[in-house]
Amino acid sequence: MVQGQTIPADIPIIQREYRNGMYGVLPFIIPRFILELPYLIVLSLIQWLIVWLIAGLRRTVVHFFTGYVVCFAVSLISTSVGYFIATAAGDPVIASAMSPLMILPFFLFGGLYQNEASTPYYFYPIKYASWFRYSFGMLLISEFEDAEIECDKVPESLCVFKDGNQVLNYYHLDPNDMWFPNLFSILMMSVGYLCFSILFMWLRVREKRKTIKEKKS
């Protein structure tokens, strides 16, 4: 998350501009975030195209663009989380230390290493707040829903799943959750993290402005 290195370096600038009454926090963060969208769109397309060609995923236009939407959504929320960590830390070193500590729990309980139904109930808040869970579920649904699994070239004992729906049942995934709540949750979390980053940045510039007023008085 490059935001952890770039945004803290810009904090003194926005503090000075805010103190001089030139602009507030919103004109700093929102346009910056919007300017990153074309880069995320192109980068997500390149990343997904490489994976789609190498991994031998389902060769249909619908499944390609479904996977691309998932990849872009993950890039979007990763950027929002980067803004959140950068503004909360306020320092590149602290942001670099915070990133793995915050992301790793969401990654562990995102469904990649643990079945959906085997997560202990006391870890449910982490599981449902994990964007890895929703994106992983969307990719599995896109790839295995109503898919046929060919077992002609392997022994019958090694063919665990007869079709893609059995794979989804094993992971306790419902195909109806594809867009809601999965994609909807990722988008809402992106907005939420961006709002928190705006709040943290506002608190930082307000704190600086308050300190300057106290010194003058």
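Student: What is Ser190 in contact with, leaving aside its neighbours within four places in sequence?

Tutor: Ser190 is in contact with Leu76, Ile77 and Ser80, once those neighbours are left aside. Contact means heavy atoms within 4.5 Å. This is a predicted model: local features need pLDDT of at least 70, side-chain atom pairs count only at pLDDT 80 or more, and totals for chains, interfaces and linings use all residues. Residues are numbered from 1 along each chain as its sequence is written, and side-chain values use heavy atoms, leaving out hydrogens and water.

Student: Ok. Where is the place of Ser190?

Tutor: In helix H8. Helices are DSSP runs (H or I, at least four residues), numbered from the N terminus; strands are too (E, at least two).

Student: Why does Ser190 count as buried?

Tutor: Ser190 counts as buried because its relative accessibility is 4%. The cut-offs are under 20% relative accessible area for buried, over 50% for exposed, and partly exposed in between (1.4 Å probe, protein chains only).

Student: Which backbone oxygen lies 2.9 Å from a polar atom of its side chain?

Tutor: That of Ile186, 2.9 Å from a polar atom of the Ser190 side chain. A polar contact is a pair of N or O atoms within 3.5 Å; within protein, one must be able to donate a hydrogen and the other to accept it, and residues adjacent in sequence count only if both atoms are side-chain atoms.

Student: Back to Ile77. What does Ile77 touch, not counting residues up to four places away in sequence?

Tutor: On that count, Ile77 touches Trp131, Ile186, Met189, Ser190 and Tyr193.

Student: And the largest nonpolar core? How many residues?

Tutor: It has 24 residues. Ile77, Val81, Met102, Trp131 and Tyr193 have the most contacts inside it. Helices H3 (61–89), H4 (92–108), H6 (131–144) and H8 (178–216) each supply at least two residues of this core. The largest share, seven residues, comes from H3. A nonpolar core is a set of buried Ala, Val, Leu, Ile, Met, Phe, Trp, Tyr and Cys residues joined through side-chain atoms within 4.5 Å.

Student: What other core lies apart from it?

Tutor: Another core, of 16 residues. Ile7, Ile11, Tyr18 and Leu76 are among them.

Student: Tell me about H3. Is it mostly covered or mostly uncovered?

Tutor: Mostly covered: 21 of the 29 residues of H3 are buried. H3 reaches 42 Å from its first C-alpha to its last, close to the 42 Å expected at 1.5 Å a residue. The expected span is 1.5 Å times one less than the number of residues. Gly90 follows H3, with a positive phi near 75°.

Student: Thr87 is in H3. Buried or exposed?

Tutor: Thr87 is buried, with a relative accessible area of 1%. Its side chain reaches the backbone oxygen of Tyr83 at 2.8 Å. Not counting residues up to four places away in sequence, Thr87 touches Ile7, Ser197, Phe200, Met201 and Arg204.

Student: New topic. Where is the kink in H1?

Tutor: At Ile11, shortly before the proline Pro12; the kink is about 35°. The bend at a residue is the angle between axes fitted to the seven residues ending there and the seven starting there. Ile11 is buried, with a relative accessible area of 6%. Not counting residues up to four places away in sequence, Ile11 touches Gly90, Met201 and Arg204.

Student: How far apart are the end C-alpha atoms of H1?

Tutor: They are 23 Å apart. The 17 residues of H1 (residues 3–19) should span 24 Å at 1.5 Å a residue, so the two agree.

Student: Last one. Which residues does a cis peptide bond join?

Tutor: Phe180 and Pro181, with omega about 15°. Pro181 lies in helix H8. Most peptide bonds are trans, and most residues other than glycine have a negative phi.

Student: What is phi of Asp146 near?

Tutor: Near 55°, a positive value in a residue other than glycine. Asp146 lies in the loop between H6 and helix H7 (164–170). Asp146 is exposed, with a relative accessible area of 55%. Phi of His172 is positive as well, near 55°. His172 is found in the loop between H7 and H8, and is partly exposed at 48% relative accessible area.
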